[in-house]
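Let's take a friendly walk through one part of this fold. Please have the structure open, and follow along from one contact to the next.

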Amino acid sequence: GGPGARRVVVVAKGAPETMRGRFREVPKEYEDTYLRYAGQGARVLALGFRDLDTSLPMSQIKNLPRDKAEEGLTFCGFVVFHCPTKPQSYASVGALMASGHHVVMITGDQELTACHVARDLSMCKRKQTLILTS
């Protein structure tokens, strides 16, 4: 289309492991890349987009189910957020552990990100970390 032509674009973001199945294709280093950043404690999001059929009425586009709108996306890249541990967290977690409390972490973060934070806060007693997922 020329100037003024209508374009409808779906833009999506999410956890790389979730988004992977929504992309038409991903680079061969996709998994290694996001896992490397997650292992360094970063929060990682994958980004994608796709153009929708502009011949569809806008009412139909607005009612498109999310799983249909977000299928066949083009992978755009990763957004990597460095979120350093808050300074007061070291003292707080340390005090809880020193007082005999059993400290656990419950998080929605990617497993490797959570492990990095737990190690950073000295919550891990061993060098090796066991990750249990369902």
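## Around Gln 110

Leaving aside residues up to four places away in sequence, Gln 110 touches Glu 17, Tyr 34, Leu 35 and Ala 38. In this predicted model, Gln 110 belongs to the loop that runs between helix H5 (87–98) and H6. Is Gln 110 buried or exposed? Its relative accessible area is 18%, and because buried means under 20%, Gln 110 counts as buried.

## Helix H2 against helix H6

Two of the residues that Gln 110 touches, Leu 35 and Ala 38, also turn up where H2 meets H6. How do these two helices lie relative to each other? The axes of H2 and H6 (residues 111–120) approach to within 7 Å, crossing at roughly 20 degrees. Angles under 35 degrees count as roughly parallel, so H2 is roughly parallel to H6. The crossing of H2 past H6 is right-handed.

Which residues make the contact? From H2 come Leu 35, Ala 38 and Gly 39, while H6 brings Leu 112, Thr 113, His 116 and Arg 119.

Searching the whole structure gives seven aromatic pairs. One of them joins Tyr 34 to Phe 78, with 6.3 Å from centre to centre and 55 degrees between the planes, which is a tilted arrangement. This pair connects distant parts of the chain: Tyr 34 is in helix H2 (residues 30–39) and Phe 78 is in strand E3 (residues 74–81), 44 residues apart.

Taken together, Phe 23, Tyr 30, Tyr 34, Phe 75 and Phe 78 make up one aromatic cluster.

How accessible are the members of these pairs? Tyr 34 has 7% relative accessibility and so counts as buried. Phe 75 is also buried, at 18%, whereas Phe 78 is partly exposed, with a relative accessible area of 23%.

## A charge over a ring

One last stop concerns a charged side chain. Where does the charged end of Arg 36 sit? The charged end of Arg 36 lies over the ring of Tyr 37, at 5.1 Å from the ring centre.

How values were computed
Residues numbered from 1 in each chain as written. Predicted model: local features only at pLDDT ≥ 70, side-chain atom pairs only at ≥ 80, totals over all residues. Heavy atoms only, no water. Phe/Tyr/Trp six-rings, centres within 6.5 Å; stacked < 30°, edge-to-face > 60°. Helix = DSSP H or I, 4+ residues; strand = E, 2+ residues; numbered from the N terminus. Buried < 20%, exposed > 50% of the residue type's maximum accessible area, 1.4 Å probe, protein only. Lys NZ or Arg CZ within 6 Å of the ring centre and 35° of its normal. Axes fitted to C-alpha atoms, helices over the stretch in contact; angles between N-to-C directions. Parallel < 35°, antiparallel > 145°, perpendicular 65-115°, else oblique. Left-handed = near helix turned anticlockwise from the far one by under 90°. Contact = heavy atoms within 4.5 Å.
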